[in-house]
Amino acid sequence: MRRWSIVSTTLWMAIAVVFAGCSIIDDDLSDCGEDLRLDYDLHLVTNLSIELQKELDRTGDAKLQKALRDYLAPVFTDYAHDLDLSFYDVQGDFARLHHEQHIMDANELSYTIYLPRRSYMHTAVANVERNGVAAYEGSDYCRTGQLLLQSDTVGPHKTGLFTARQGLQIEEGINKTYYVHLYMANCAAALVLNTSKASLKDLKVVTTGFASRFNIADSTYVFAGTTPVVKADKIDTGSDGRMCFCTVNFPSPEPSVSTRNIINTEDPFVSVDASDALWQFQVFATLSDGKVTKSTLGVKKPLRAGQLKIIHADVYANGSLEPGEPEVAVSIELDWKEAGNYNTPL
């Protein structure tokens with residue numbers, strides 16, 4: 001009987017320890033956890049419809065407007081396929097403490113995650129898996145996590161990239177819900193060409209002047225180093241004498257630091273012209289005799305995240321371009337040779 005009593009007492013003590021949790025094991029409660037609810041949604045702030053209507057709402061532009069909207073549909077959408085979640089220490093080197101990846105397939109979704117009680121810096125990145133151009137790297141540490149191009153010469157992004165960052169505080173016995181809003185990190189530019197005055201063998205278009213990387217932790221773009229070249233896709237306009245090329249990429253620089261607060265106005269796409277071009281379209285027109293004319297369209301207005309910019313230009317018999325917008329400057333190189341001052345893949 002005495003032996004049974006000792007075993008019983010030992011068993012009940014073990015059960016008590018299990019149910020009491022880590023508070024009996026150690027006075028340090030930092031390893032104890034709580035359920036944290038996180039509500040994610042995508043906020044698409046864009047001028048897409050306004051720009052399409054303003055620039056392509058004339059007679060004969062309906063087919064082109066639809067074609068361009070269809071092309072950009074996977075980019076300018078508040079729908080996320082994949083979601084990458086990181087939770088970082090807020091001290092030392094800001095190392096990642098917890099990582100999850102989910103297939104979201106929605107524009108908003110909630111997750112309940114069990115995490116130890118402490119402060120975190122949380123980042124979320126959506127739609128990288130099918131982007132085809134940008135990769136998510138350096139995510140083991142908060143300050144090095146970034147979206148970056150995988151080459152100096154790339155095609156257009158295939159998805160709209162969305163990111164968020166938010167501080168979290170998990171405390172004992174307090175069930176919190178955090179609302180995490182993800183915002184778009186890339187943008188698009190389209191060049192509509194009137195080719196009725198020219199007889200061309202071929203036309204190729206690239207853009208340049210955009211950021212090569214995006215830092216997740218502080219939402220900053222990096223322009224240092226090699227400027228990436230983005231090859232534009234040709235869009236079927238459904239009409240003769242009209243050609244359209246489109247690219248999706250990271251944003252351009254701002255005109256100056258002093259104008260950056262314009263982003264926080266009611267219209268985030270209102271801007272002043274820079275004194276020099278901020279980004280470019282480069283157009284290579286191959287004539288019937290095989291000679292190539294290079295036209296560089298320098299755009300003085302910035303291209304920002306979530307924005308679409310449409311530029312019009314006429315193409316002449318010698319392959320040169322004349323833009324239709326006053327904020328766009330042009331320089332022409334007749335009989336251009338690829339071995340010249342810019343090595344563009346044709």
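## Packing of H3 and H4

Helix H3 (residues 48-56) packs with helix H4 (residues 62-72) at an angle of about 155 degrees, and their axes lie 10 Å apart. H3 is therefore roughly antiparallel to H4, a term for angles over 145 degrees. The contact (heavy atoms within 4.5 Å) is made by Leu 48, Ser 49, Leu 52, Gln 53 and Leu 56 of H3 together with Leu 64, Gln 65, Leu 68, Arg 69 and Leu 72 of H4. These residues divide into six nonpolar, three polar and one charged.

## Basis of the model

The model is predicted, with local features needing pLDDT of at least 70 and side-chain atom pairs pLDDT 80 or more, while totals for chains, interfaces and linings use all residues. Residues are numbered from 1 along each chain as its sequence is written, and side-chain values use heavy atoms, leaving out hydrogens and water.

A cavity is a set of points on a 1 Å grid over the protein atoms alone where a 1.4 Å probe fits but cannot get out, and its lining residues have an atom within 4 Å of a point. The count comes to one cavity of 30 Å³ or more, and the largest cavity has a volume of about 40 Å³.

Its lining includes Glu 34, Asp 35 and Leu 36, and strand S1 (residues 33-43) gives the largest share, three residues.

Conventions. Axes are lines fitted to C-alpha atoms, for helices over the stretch in contact, and angles run from 0 to 180 degrees between N-to-C directions. Helices (H or I, at least four residues) and strands (E, at least two) are DSSP runs, numbered from the N terminus. Angles under 35 degrees count as roughly parallel, over 145 as roughly antiparallel, 65 to 115 as roughly perpendicular and the rest as oblique. Ala, Val, Leu, Ile, Met, Phe, Trp, Tyr, Cys and Pro count as nonpolar, Asp, Glu, Lys and Arg as charged, and the others, Gly among them, as polar. On a 1 Å grid over the protein atoms alone, a cavity is a set of points where a 1.4 Å probe fits but cannot get out, and a pocket is an open set with protein on both sides within 12 Å along at least five of seven lines; lining residues have an atom within 4 Å of a point. Grid points are joined across faces, edges and corners, and a volume is the space filled by probe spheres set on the points.
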